[in-house]
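Here is a friendly walk through the structure shown below. Take a moment to look it over, and then we will go through it together.

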Amino acid sequence: MELTPQLVSLQLVTGVALGAVYALLAIGLSLIFGMLGVVNFAHGALFMVGAFLGMYFLGLTGNFWFSLVLTPLAVGAIGLVIERLLVRPLYGRGIDYPLLLTFGLSWVLIEAMRVAFGIEGIPSSTPPALRGSVDLGVGYFPLYRLFLIGATAAIVTLLWLFIEKTRYGLIIRAGSRDPEIVRVLGIDISRVWLAVFGIGCAIAGLSGVLAAPTRAVNPEMGIPVLAESFVVTVVGGMGSLPGAVVAGLLVGIVFALTSLVAPDLAELSIFVLMALVLLIRPYGLFGKAGYMG
Amino acid sequence: MTRPIDPKRRRLLAAGAGTALLGVPAFVRSQAATVKIGFPVPLTGAFSAEAQDQVRAAELAVKEWNDAGGWNGAKCELLVRDDKLNPGEAATRTLELIEKDKVNFVVGSLSAATQLSINAVCRDRKIIFNSISQSDTINEAKDWSLYTFHEALNPHMTAGAVARYAFPKFGKKVVYLTADYAYGHEMVRGFQRAGRAFGTETVADIRHPIGTADYSAFLPRIQQAKPDVLVLCNFGRDLVNSAKQATDFGIKQSTKIITPVLLFTSRLAGGPDAFEGVMGGTSYYWAMEDKIASAKAFNDKFRKAYGGAVPSDYGALGYAGIRSVLQAVKNANAVESQPVAIALRQLKYDWYKGPQFYRKCDHQSVQSIIIVESKSKGMKDKNDVFNVLHIEPADEKNLRTCDELGHKVST
Amino acid sequence: MIDFIARHRVASVLAFLLVFPLVMPYEALAINILIFGLFAVGFNLLFGYTGLLSFGHAAFLGIGSYLTGIAIVHFALPWWLAIAIGVAAAGLAGLGIGFLAIRTRGIYFAMVTLALGQIVYYAFYKAERWTGGENGLRGVSVPVLDLFGLKLDFLDPITKYYVILAFVAAALWFVSRVLDSPFGAVIESIRENEKRAAACGYDVARAKLLVFVLSAAICGLAGTLRALHLSIVPIDSLHYLLSGQAVMMCLLGGMGTFFGPFVGAAVFLYLEDVVTTLTRHWMAVVGGVFIAFVLFFPKGIWGTLIDRLARARVAPRASPLRGAKRKSS
């Protein structure tokens, strides 16, 4: 195999596309962790639920864009219910309990999808408007994956605008820094937590529906995704959204480039990357001490 | 705080208790009432669809045998257990089946790792194990025992058959996209050996971690290499994902995609587009009934029992694995492992796909291999997903030699 | 009576374990509970008592299993030497991994241990010639156990149980001694307030490393016993999912207690086993039970039980051994 510049460039584009999904997943996880201090082990399962619901809505409405909007709303709603009923009673007890609870929850969600959609999963297809490949000059690349990169960029921008430029975003930022003061200022912090948990879950669901056309949709698809999301989130720094984006792209590119030279070590390379980052910067690239450190 | 009991004394007590229990007579296998067969398969997990089909087909075989009178009044009972596709769990379940349920035989497994683990437990306790999924390793002398039988195909046979059919047709430059575990390696080895006769050249053997969902990182270099043939040496969901994504990357424009095992359930899960033009091997496809009488008989029995459904490839193995063991019980007129094993070694049978027998040195079932190609047009119903291109007849020459496997004596 | 049990905790535990096979549906399950109970107790030395959450402890279980297996399969060493090698290797790995990991804290410590554990996983996965790779290591058979001239039939499930119990008993006694020693107090103080412990003059890093090594060795012992029990070593012995199981078992049972993790392991495995035979949807049932336990038994099953018993006693006496968590970490 020749490592031509064309091949390496195409591989980099592939890495960025992979990184886009990783970044989205990490954002959802980081948001919940940074704000609530909750390690959400159901994140992979919610990704999977998003993929299933996305394909289901696509089948119902025949329109991919509708399902792109409906799915995060649906999964976000599930997230709201989870926070209100299951996670809220555990606040103040430390990070261990929500971890165990969300782990149990992930098993329930997996089984629920098996019952609802069958054990084999459902077929997924790329929406007709986004099919085919594009000649990038360095090779042919699936149009849908370019769309993924664009969609992620758009979502990240929207999220950034929401958090940095709106009043509600201001409350969220304040609440992650000092929940006590926010309460003292008269804002119901538990409502804020509810909303943030919902948003984090909605993003997980959105990642699922975006990823669904590229891979098989089955109940077990979220399990490896969970580990990958954690790796990316930690590399970026728990609670840091820019960190999640940078780390997502970094991990995607590392995975892609390793696949080129040593494909059987590709999966290992992201763990090695995490170990190296943490040994040099123990709180992740953009993380700060004090976030559950 | 007072000292706890001296640990040395505790150890002596434990050893004493253990020794005393040795006096208890070993469990006696009950023979008269039922013939018990343990059936550990992954009812939950990535292969649950195939496993559940195996259970259906196995229950069919048991019912058939019982309805025909069983053996000396004894009926067969199938004890199905979920091994969760996990070798540690498979070992525990097998221990449960042997020690608590006192099964006479074990049939099952749906992965190389689990079958080797079940085999290890059965072998030590001299219980017959008839494996119904692919593995080259289980034929090798290290894992083998008189009580180890292998009903399913092995990678060497399967890859060889597909290679012999496809390589002459499509070209010499081959790229392998291989799942990085024994199954993948063994398939590649089988393809390369058979390919030597046709002068095939391995351009690349790209090993990916098993369970990879996203293959986009491996596809650009395949795109650049433009091989004549791309062999997807992976299984089940890995195959579905890689076929789908290879299609997305436009690989099919210049390359023929083949795979050693084209599972019926994978094709249904992946859909016609992803598998368009993909060709592969299989141990069984229901549409063989046009050519093979026993296939028709088996399909009809299955349809009757399960409301018109047709058996899948792995499902059929569940049927054959059980039926062979039960036939051997009748032939040997015994349920003890040794006479039944000898009866199995001498068995010549045709349960569903043509004549088969177990080779003496490694108990591998010598059987036909079917080459199929995925259909996307003209499908008569949801099950009509393949065209049968070729049936390679059962031939011992397609197996690795007994010497190569480390067997000293091929009696 | 409760006081007596409390003061002789190891003896009471062992009395229960001696008759345990009678309440379990089959011995292999009881043995699995012994093994995973030990795994959880070893893990809890680090997690519940020192306050360090590690997601890579499967590495030690796996190294113990594999080294014992390799000693028996490739080198035909006697079983007792194989066990010793397994435990020593696990302890050594604990030294290496611990040394790298203790410079991080909290969730980052968990992730570093996860990453290092996965590196160990891949190393063993690729070393196919020694470990069998994805197929696992088969042939770890010790059909007859030679014990000072006494020949024990290791294939007999009851014998196997009591032999393994002997090892587990010794290890539990050892852990109990460690926890009651001054060192035990030091590690608990590290959990409560690391800076203060350092300010009191204790070498915190050295203490953490030492408890890491001890924890690794105990988990390694559990691994060696598992290899002998199953006569195989599956590759997922090293996978993070198994590390996660250790965490679950400790939380389920109650991580602030000596016996809690053992109870957690027993409940987890028993529940999984029984529910698996009852329904195909065992994942939903077990997941639901987890959720229920977390919501209603915050101290874990055993922790809650002890708490209730302690409060039921008329004159509250300081219990000498329940290291109940005063502050969640």
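How many residues does the contact take from chain B and from chain C? The contact takes 39 residues from chain B and 42 residues from chain C, where two residues are in contact if their C-beta atoms, placed from the backbone, lie within 7 Å.

## About the model

This is a predicted model, in which local features need pLDDT of at least 70, side-chain atom pairs count only at pLDDT 80 or more, and totals for chains, interfaces and linings use all residues. Residues are numbered from 1 along each chain as its sequence is written, while chains are lettered from A and ligands numbered from 1 in the order in which they are written.

## Where chain B touches chain C

On the chain B side of its contact with chain C, the elements giving two or more residues are helix H1 (7–22), helix H3 (87–100) and helix H4 (112–124) of chain B. Helices (H or I, at least four residues) and strands (E, at least two) are DSSP runs, numbered from the N terminus. H1(B) provides the largest share of this side, ten residues.

By class, this side of chain B holds 21 nonpolar, nine polar and nine charged residues. Here Ala, Val, Leu, Ile, Met, Phe, Trp, Tyr, Cys and Pro count as nonpolar, Asp, Glu, Lys and Arg as charged, and the others, Gly among them, as polar.

## Where chain A touches chain B

Between chains A and B, 33 residues of chain A are in contact with 33 residues of chain B. On the chain A side, at least two residues each come from helix H1 (5–36), strand S2 (140–142), helix H5 (143–165), helix H10 (241–261) and helix H11 (266–280) of chain A. H1(A) gives the most, with six residues. This side of chain A has 18 nonpolar, nine polar and six charged residues.

Helix H4 (residues 96–117) of chain A and helix H14 (residues 282–296) of chain C pack at about 155°, with their axes 8 Å apart. Axes are lines fitted to C-alpha atoms, for helices over the stretch in contact, and angles run from 0 to 180 degrees between N-to-C directions. H4(A) is therefore roughly antiparallel to H14(C), a term for angles over 145 degrees.

Among the residues that meet here are Trp107(A) and Glu111(A) in H4(A), and Phe290(C) and Val294(C) in H14(C). The contact of H4(A) with H14(C) divides into 15 nonpolar, three polar and one charged residue.

## Domains of chain B

An automatic or database domain assignment sets the domain bounds. Chain B is divided into domain 1 (34–153 + 291–367) and domain 2 (156–282 + 370–396). Their C-alpha centres lie 28 Å apart, and 19 residues of domain 1 are in contact with 16 residues of domain 2.

## Two sheets in chain B

An open sheet of seven strands in chain B has the order S7-S6-S8-S9-S10-S14-S15, with mixed pairing; two strands pair if DSSP finds at least two bridges between them. Its edge strands are S7 (201–208) and S15 (386–392) of chain B. Strand S6 (residues 173–179) of chain B pairs with S7(B) in the parallel sense over seven bridges, and Tyr176(B) has Asp205(B) in S7(B) as its bridge partner. Helix H8 (residues 237–248) of chain B packs on the sheet, touching S6, S8 (229–233) and S9 (256–261) of chain B.

A further open sheet, of three strands, has the order S11-S12-S13 in chain B, with antiparallel pairing. Strands S11 (348–349) and S13 (365–366) of chain B each have a single partner strand, so one side of each is left without a neighbour in the sheet. Lys348(B) stands opposite Phe357(B) in S12(B).

Definitions and conventions:
Parallel < 35°, antiparallel > 145°, perpendicular 65-115°, else oblique.
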